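Reader: I have a model open beside its sequence. Could we go through it together?

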Amino acid sequence: MKNDITAVSERLDRTVHCISVPTGLPVGAVNAYLIKQDGQAVLLDCGPNRKESETALIQGLRTQGVYHYGDLSALILTHGHVDHVGLAGKIQSEGVPVYSHPDVAYWVDAALQGDRYRMDFYQALYTLCDMPEHLQQKAMSEFLFLQQLNDQSVVNGSLIDGDRPDCLPTMNVVEVPGHAQAAIGLWEEATGTFFGGDQLIGRISSNALVEPELGAASGAQAKRTRSLLDYRNNLRRLLELPINVVLAGHGSPVEHPHDLIKQRLLDQERRRDKVWELVRTSPGESAWFYTAQYFPHRMDQPSLILSEILGFLDWLEADGAICSKTVDGVLRFFIE
Ligand SMILES: [Zn+2]
């Protein structure tokens, strides 16, 4: 017997095919979704710009009768991270329009120099957080490596909260700031299906990555986003949407996503308390100090772990549980 979602999908005359695209990155394969509806073939995310990835994408498209990128009606990007967008330039060069949150342009469009802006921001942030010099160098070289996997493209059309893309008339755009600030999901009310990008992944908790706020004179002068707080607000919003399944950017579909969302929110609170305990027992230290205490065995990913701990420190500060002060160029945290 067909399950409800399959039955409704057939009534909508809509099919979804997941193409697993290897990335060569620690996160593993990324999911690109080919959504066919009303004679249109829409690709949601595409994988990084590397040979093995493109071969897998092309093969996956061929099994579904899409023999050229030009046969696609549109490419929609959930967010600007390179594992999701790197091949967008190649696909676009065959006449396929690219749609995304407008600020994804700062990730994919070379003319906007978003990479430079982010690099200047992170360099200043690492110094402010007192990350050791050799780890700063490691983080920056990883940043440069990831940039090489991005074939630049242009955002042809914006998708923001509440939009209904012409190419996917049964779906609603839901903005999902958190893991990335410029991020969207697609929600299909009739089936309760949510294409969530990296907002909710079954096998790992998504990092709410700290980013520069846009609009400063340079990245070095940009304020950092409170991504974890945005992420939590957004997770709570998703709890109010009737969602049966999340088709995630990585890994298997997440059934009963509300259970997982509640678990993620609780896990975050538990980790926040652990960070508060670190500040309480060693006040006056830098963000990097607490990061190294919390993640002594994950020094191979300095930018990720710093972002994670900084998120909890900013949250504790927003709640008035701790305060911070910059002393000789280093941000230090104290118990209120
Ligand atoms: Zn991502």
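Reader: To begin, which residue in strand 14 is the bridge partner of Glu285?

Author: The bridge partner of Glu285 is Phe333. Please note that this is a predicted model, in which local features need pLDDT of at least 70, side-chain atom pairs count only at pLDDT 80 or more, and totals for chains, interfaces and linings use all residues. Residues are numbered from 1 along each chain as its sequence is written. Strands (E, at least two residues) and helices (H or I, at least four) are DSSP runs, numbered from the N terminus.

Reader: In what sense do strand 12 and strand 14 pair?

Author: They pair in the antiparallel sense over 2 bridges; two strands count as paired if DSSP finds at least two bridges between them. Strand 14 covers residues 330-335. The open sheet here has 3 strands in the order 12-14-13.

Reader: Which strands stand at the edges there, and why is one side of each left without a neighbour?

Author: Strand 12 (285-286) and strand 13 (322-327) do, and because each has a single partner strand, one side of each lacks a neighbour in the sheet.

Reader: Changing topic, what is the order of the sheet with 6 strands?

Author: That open sheet runs 1-2-3-4-5-6, with mixed pairing. Strand 1 and strand 2 (residues 30-37) run antiparallel and are joined by 8 bridges. Within this pair, His17 stands opposite Leu34 in strand 2.

Reader: Which helix lies across strand 1 and strand 2?

Author: Helix 2 (residues 51-63) does, running at about 155° to strand 1. Such angles run from 0 to 180 degrees between N-to-C directions, with axes fitted to C-alpha atoms, for helices over the stretch in contact.

Reader: Which residues of helix 2 are buried?

Author: Ser53, Leu57 and Leu61 are buried, meaning that 20 or more other C-beta atoms lie within 10 Å of the residue's own, while exposed means 12 or fewer and partly exposed lies in between, with C-beta atoms placed from the backbone. The buried residues fall within an arc of 65° seen down the axis of helix 2, so they line one face; the arc is that of the directions from the helix axis to the C-beta atoms. These buried residues pack against strand 1 and strand 2.

Reader: And which exposed residues does the face turned away carry?

Author: That face of helix 2 carries Lys51, Thr55, Gln59, Arg62 and Thr63. Just after helix 2, Gly65 takes a positive phi of about 80°.

Methods: Two residues are in contact if their C-beta atoms, placed from the backbone, lie within 7 Å.
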